[in-house]
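Subject: Structure handover

Hello,

I am passing the structure on to you. My notes on its salt bridges follow below it.

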Amino acid sequence: DMINITLYQKCMIVGILLSDGCIEKRKGWNPRIRIEHSFKHFNYIWFVFNELSTLINAYPLLIKRIFRGKIFFSLAFRTRQLFCLNEIYDLFYDKIARNAPVVSKKIIKPEIFFYINYVSLAFWIMGDGSKRGKGIILCTDSFNLKEVILLMNILKIKFDIDSTIEFRYSFSPYDRKKILNKGEKAARIVINKKNLDKIRDKIKPFFTKDFLYKIN
């Protein structure tokens, strides 16, 4: 309980949770953050691991999965279960979920406005941004339309980004059928070149080299 989280670490984690990170919490325990990425992004996962090392007590694990007859490798690590992570847990999960024995669905609350800055935006794009021409798409598939619109408003107020929505199914046919989106098309945030130019120089210092292609 004496371990604190720095402001930079907090911003990193918020950006990671806006993408594909998650928080695990069981009743009566403090939360912990889980991060997993493809092995081809080793430099990124190793960078994040080192930046959050004060919250971790084990090295990343190599995970092997077989999907449709193909072998995939990824690296994953978890933080320790820490009291200081409750603030971030409450930001992304409702109070009912706190008593759940497994990971619950992330949600977007208005309070996240105060946690989004250039650092969190950089890690959000690295984790879930997809290059589209000279702009990018933020793959917000796990959030509902109301939450996506809230995020778009935050981008406008904080960074003067005028974004649009693109509706499409997830790339995976399996994901289309998940209860997560009830088979409906997901809403994704599209940022064109003109608006990406507004933030590129601000977020670039926080990018790892293997993800710079997303904003260049």
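Is Asp 160 buried, exposed or partly exposed? Asp 160 counts as partly exposed, at 38% relative accessibility. Please keep in mind that this is a predicted model.

The side chain of Asp 160 meets that of Lys 198 in a salt bridge, with 3.4 Å from N to O. This pair links distant parts of the chain, 38 residues apart: Asp 160 sits in the loop between helix H5 (145-159) and strand E7 (164-168), and Lys 198 in helix H7 (residues 193-203). Lys 198 is also partly exposed, its relative accessible area being 34%.

Helix H7 also holds both Arg 200 and Asp 197, which are 3 residues apart, about one turn of the helix. They form a salt bridge, and their closest N and O atoms are 2.4 Å apart. Arg 200 counts as buried because its relative accessibility is 17%, under the 20% limit. Asp 197, with a relative accessible area of 34%, is partly exposed. Elsewhere, salt bridges with shared partners join Lys 156, Asp 160, Asp 162 and Lys 198 into one network.

In the whole structure, the search finds 12 salt bridges. One of them is between the side chains of Glu 24 and Arg 78, at 2.7 Å from N to O. Here too the pair links distant parts of the chain: Glu 24 belongs to strand E1 (residues 22-24) and Arg 78 to strand E4 (residues 70-78), 54 residues apart. Glu 24 is buried, at 14% relative accessible area, whereas Arg 78 is partly exposed, at 36%.

Regards

Definitions and conventions: Residues are numbered from 1 along each chain as its sequence is written. This is a predicted model: local features need pLDDT of at least 70, side-chain atom pairs count only at pLDDT 80 or more; totals for chains, interfaces and linings use all residues. Side-chain values use heavy atoms; hydrogens and water are left out. A salt bridge is a side-chain nitrogen of Lys or Arg within 4 Å of a carboxyl oxygen of Asp or Glu. Helices (H or I, at least four residues) and strands (E, at least two) are DSSP runs, numbered from the N terminus. Buried means under 20% relative accessible area, exposed over 50%, partly exposed in between (1.4 Å probe, protein chains only).
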